[in-house]
Amino acid sequence: MNSSIKNICCIGAGYVGGPTMAVIADKCPEILVNVVDVNEERINLWNSLDLDLLPIYEPGLDKIIKKRRNKNLFFSTELKDNISKADMIFISVNTPTKKKGVGAGKASDLKWVEACARQVAKYSKGYTIVVEKSTLPVKTAEVIKTILEASQLFSKKKDQQFDVLSNPEFLAEGTAINDLEFPDRILIGGEKKEAIQVLTEIYSKWVPKKKILHTNIWSSELAKLTANAFLAQRISSINSIGALCEATGADVREVARAIGSDSRIGSKFLDAGPGFGGSCFKKDILNLVYLSNHFGLKDVANFWEEVVLLNNWHQHRISKLIIKKLLGTVTGKKICILGFAFKANTNDTRESASINICKDLLEEGAVLHIHDPRVEPNQIEYDLGKKENKEIKKKNHNYFEFEGHWCFEKDIVNSSDGADAIVVLTEWHEYSKIDWTEISKKMRKPSWVFDARSIVSTLKVLEANLNLWKIGDGTNN
Ligand code: NAD
Ligand code: UGA
């Protein structure tokens with residue numbers, strides 16, 4: 001067995017594979033890191049000379065790519081060669097919710113993970129440590145092992161030998177580089193002490209040893225799902241209290257501060273918002289629900305499913321509330337949407353609250369002008385299932401012609417011209433600096449600002465003679 005790793009291959013160049021491997025390459029210049037993906041377009045973007053074109057926007061990522069790319073960090077579509085040369089392989093592919101068949105709508109679709117295991121079985125040589133980086137249901141390591149063991153038994157390559165480890169990733173988008181460089185903990189689950197030690201050695205190049213936790217493989221897989229479930233649960237909890245604040249005259253920020261001062265509760269992850277988005281919270285909780293049902297724990301399943309149901313309810317609650325405040329109808333009304341990413345500092349829109357809220361408003365006939373500093377219009381088209389209609393931007397038209405259509409906006413001030421409402425759905429810093437007096441002059445009266453992120457200044461909006469709805473604020477609504 002190798003005591004130290006010289007050549008890593010990561011399968012999957014996505015939001016996890018890309019940044020994670022960039023940081024490993026940066027912290028371990030002696031290790032050669034190859035990131036491979038079947039998506040040629042994505043790989044080309046990772047290799048683009050213009051660092052603004054990297055497929056993922058993540059603060060600080062461009063600097064590391066510039067420093068390490070084509071030195072000890074390579075992006076390619078060449079799976080066979082890179083797998084065969086690697087002594088450690090990270091599986092970092094997508095594990096979305098199954099769309100059909102048994103467990104549809106809840107269980108994770110593991111076809112990409114299985115495909116990886118088969119590729120590893122086919123191409124790897126000698127002793128290889130296979131690391132689960134993707135978030136996986138408990139017991140997935142068994143599936144991977146079964147495929148690898150079958151290969152050992154039946155292939156002609158008699159030198160093949162494997163160990164499988166679970167090493168879930170806890171980075172959050174928008175802060176990925178900081179989270180990878182200064183993690184709260186690194187979790188490594190496995191059976192073989194020697195293999196765990198080899199992976200530990202890599203992380204200990206920059207992570208204090210006391211932060212590297214070792215568990216059995218099933219605890220590690222389950223801990224990742226549990227962490228996301230607990231985090232998402234806090235958001236549904238605070239959003240449920242936000243609705244109650246609006247009904248009672250309380251303010252959710254004050255309630256959050258009061259409860260967050262209790263060290264047992266803690267102050268993080270208590271920001272009321274438009275509901276959690278992102279590719280993982282919903283999918284990982286639904287996975288937990290599926291697993292609980294599978295093991296006959298129906299009450300446990302129901303408990304966790306409520307976190308997702310409340311999140312859905314909350315997003316539709318915001319759409320309904322906008323319609324109600326705009327005199328009961330948004331048909332033919334111009335509404336500016338500020339923010340389409342699921343959170344600030346990322347270009348990722350997966351499960352963004354903006355998708356559901358925009359779809360609801362379009363369904364009601366609103367004309368949406370959508371702004372986001374990092375999301376491309378073609379991504380919005382994909383998410384809304386509706387083409388952008390650039391005709392809307394022509395001056396002096398009748399808005400009723402464009403009921404249920406949307407267009408992309410680069411300039412917030414121009415887009416507010418004739419608008420009935422501005423809805424802030426992502427907490428981009430630039431939205432906190434908007435000149436509301438200038439905007440107010442352009443909007444049609446009565447005009448509304450809906451702040452689902454508590455990011456605008458209440459005083460400045462009210463001074464500009466705009467009506468304001470702020471999430472969880474019962475003092476002003
Ligand atoms: P992603 O969709 O951005 O990237 C996955 C990549 O894997 C894609 O580029 C895809 O083309 C590639 N791929 C799929 N099958 C392949 C195969 N057989 N061979 C080569 N390439 C293949 O996904 P992501 O957001 O990076 O998430 C990956 C995993 O990490 C998921 O399990 C997710 O739950 C978990 N995770 C994600 C985050 C996050 O912030 N996005 C954080 C922690 C954990
Ligand atoms: C989340 C976890 O935070 C990561 O630890 C985990 O690795 C990752 O999921 C994953 O497994 O994919 P991420 O989804 O990137 O990370 O971003 P978060 O910061 O957790 O935000 C998720 C959603 O919750 C966003 O829509 C955000 O706006 C919302 N949120 C977050 C709130 O509404 N309020 C808060 O207080 C915090």
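Biologist: Which residue has a polar side-chain atom 2.8 Å from an oxygen atom of ligand 2?

Modeller: Bear in mind that this is a predicted model. Polar contacts here are N or O pairs within 3.5 Å. At 2.8 Å from a ligand 2 oxygen, the side-chain atom in question belongs to K343.

Biologist: And how much of ligand 2 does the protein bury?

Modeller: On its own, ligand 2 exposes 700 Å². The share of that area buried by the protein is 90%.

Biologist: Which residue puts a backbone N or O atom 2.8 Å from a nitrogen atom of ligand 2?

Modeller: There are backbone contacts to look at here. E169 has a backbone N or O atom 3.4 Å from an oxygen of the ligand. For the ligand nitrogen, with a distance of 2.8 Å, the backbone atom comes from D271.

Biologist: Which helix gives the most to the shell around ligand 2?

Modeller: The shell has 19 residues, and F170, L171, E173, K224 and C280 come nearest. By class, that's eleven nonpolar, two polar and six charged. With four residues, the top contributor is helix α9, residues 217-248.

Biologist: Over to the surface: is F295 buried or exposed?

Modeller: F295 sits in the loop between α11 (281-294) and α12 (298-325). Together with L297 and V300, F295 forms a nonpolar surface patch of about 280 Å² accessible area. The cut-off for exposed is over 50% relative accessible area. F295 has 54%, so F295 counts as exposed.

Definitions and conventions: Residues numbered from 1 in each chain as written. Chains lettered and ligands numbered in written order. Predicted model: local features only at pLDDT ≥ 70, side-chain atom pairs only at ≥ 80, totals over all residues. Heavy atoms only, no water. Patch = residues over 30% accessible without salt bridge, like charges linked within 9 Å, V, L, I, M, F, W, Y side chains within 5 Å. Areas by Shrake-Rupley, 256 points an atom, 1.4 Å probe, with all protein chains shown as cover. Salt bridge = Lys/Arg side-chain N within 4 Å of Asp/Glu carboxyl O. Helix = DSSP H or I, 4+ residues; strand = E, 2+ residues; numbered from the N terminus. Buried < 20%, exposed > 50% of the residue type's maximum accessible area, 1.4 Å probe, protein only. Near = heavy atom within 4 Å. Polar contact = N/O pair within 3.5 Å; in protein donor to acceptor, adjacent residues only side chain to side chain. Nonpolar A, V, L, I, M, F, W, Y, C, P; charged D, E, K, R; others polar.
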